[in-house]
Amino acid sequence: MKNIVVLISGNGSNLQAIIDACESGIIENARIAAVISNKADAYGLERAHQAGIDTLHLAAGDYTDREAFDRAMADNIDQFSPDLIILAGFMRILSADFVRHYQGRMINIHPSLLPKYTGLNTHQRAIDAGDTEHGTSVHFVTEELDGGPVILQAKVPIFEDDTAEDVMARVQQQEHRIYPVVANWCLQQRVTMQGNNAVFEGDILPANGYA
Ligand code: GAR
């Protein structure tokens, strides 16, 4: 049985998708060993409790700097011998040492078609730019913010008069579909990070790179 540790900061709808996928078998032979949040009131902690998963809240204010916080996080994470670290709406920049420690076994989901719109407010920025499509990307985490090798993306349309909330809802529907699939590929080593590339086993990736 493989171990997953999920890091969250908020609602945890992607965490829920991972929980459900472990139960349904979309994620094969794996369990979420722990959920860690940097926010005490993250609803994702409640989702984890309901699923009987260990949780931990670490408050950044209790540590002198980012490196100290990340070291504490890593000490806790490593107790669960994780095969995969899943960032699911974890809204903190990670220190270089932390990222290097988990290189190749840490993935993130970012709500844009990377390399477009790294950072925050991606839905509003896509609307403001007049884009007619938007989406989400799952990628390996490297030291470059939202810059690691992309594994899989999903597109959604942007319609006239859409609000950022409309677009976010459409994007999150796709996130809940593709994140568990990619998590499973990583756990089964069907995709690995080699250098700065995502390397796939066989022909699992759809021909155009989109789910
Ligand atoms: C997700 O849409 C995810 O793509 C985004 O936060 C949301 C978390 O939702 N992540 C980022 O913006 C990371 N830069 P959730 O807590 O309901 O899973």
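## Ligand site and backbone features of a predicted model

Asp 161 is found in the loop between strand 7 (150-157) and helix 6, where helices (H or I, at least four residues) and strands (E, at least two) are DSSP runs numbered from the N terminus. This is a predicted model, in which local features need pLDDT of at least 70 and side-chain atom pairs count only at pLDDT 80 or more, while totals for chains, interfaces and linings use all residues. Residues are numbered from 1 along each chain as its sequence is written, and side-chain values use heavy atoms, with hydrogens and water left out.

**Backbone**

- Although Asp 161 is not a glycine, it has a positive phi of about 75°.
- Leu 114 and Pro 115 are joined by a cis peptide bond with omega of about 15°, and Pro 115 is placed in the loop between strand 5 and helix 5 (122-128).

**Ligand surroundings**

- The ligand sits in the largest pocket, a pocket being, on a 1 Å grid over the protein atoms alone, an open set of points where a 1.4 Å probe fits, with protein on both sides within 12 Å along at least five of seven lines; sitting there requires more than half of the ligand's atoms to lie within 2 Å of the grid points.
- Helix 1 (13-24), strand 5 (106-110) and helix 6 (164-187) are the elements that give two or more residues to the shell around the ligand.
- Residues surrounding the ligand (a heavy atom within 4 Å) include Gly 89, Met 91, Ile 109, His 110, Pro 111 and Glu 175.
- The shell divides into three nonpolar, seven polar and one charged residue, with Ala, Val, Leu, Ile, Met, Phe, Trp, Tyr, Cys and Pro counted as nonpolar, Asp, Glu, Lys and Arg as charged, and the others, Gly among them, as polar.

**Polar contacts (N or O pairs within 3.5 Å)**

- An oxygen atom of the ligand lies 2.9 Å from a polar backbone atom of Asn 14.
- On the side-chain side, a polar atom of Gln 172 is 3.0 Å from a ligand oxygen, and an N or O atom of Asn 11 is 3.4 Å from a ligand oxygen.
- Taken alone the ligand exposes 440 Å², of which the protein buries 88%, by the Shrake-Rupley method with a 1.4 Å probe.

**Record annotations**

- An unreviewed UniProt entry annotates Gly 12, Ser 13 and Asn 14 as "binding site", an annotation that may be inferred rather than shown by experiment.
- Of these residues, Gly 12, Ser 13 and Asn 14 are included in the lining of the largest pocket, lining residues having an atom within 4 Å of a point.
- Gly 12 is placed in the loop between strand 1 (2-8) and helix 1.

Key: A polar contact is a pair of N or O atoms within 3.5 Å; within protein, one must be able to donate a hydrogen and the other to accept it, and residues adjacent in sequence count only if both atoms are side-chain atoms.
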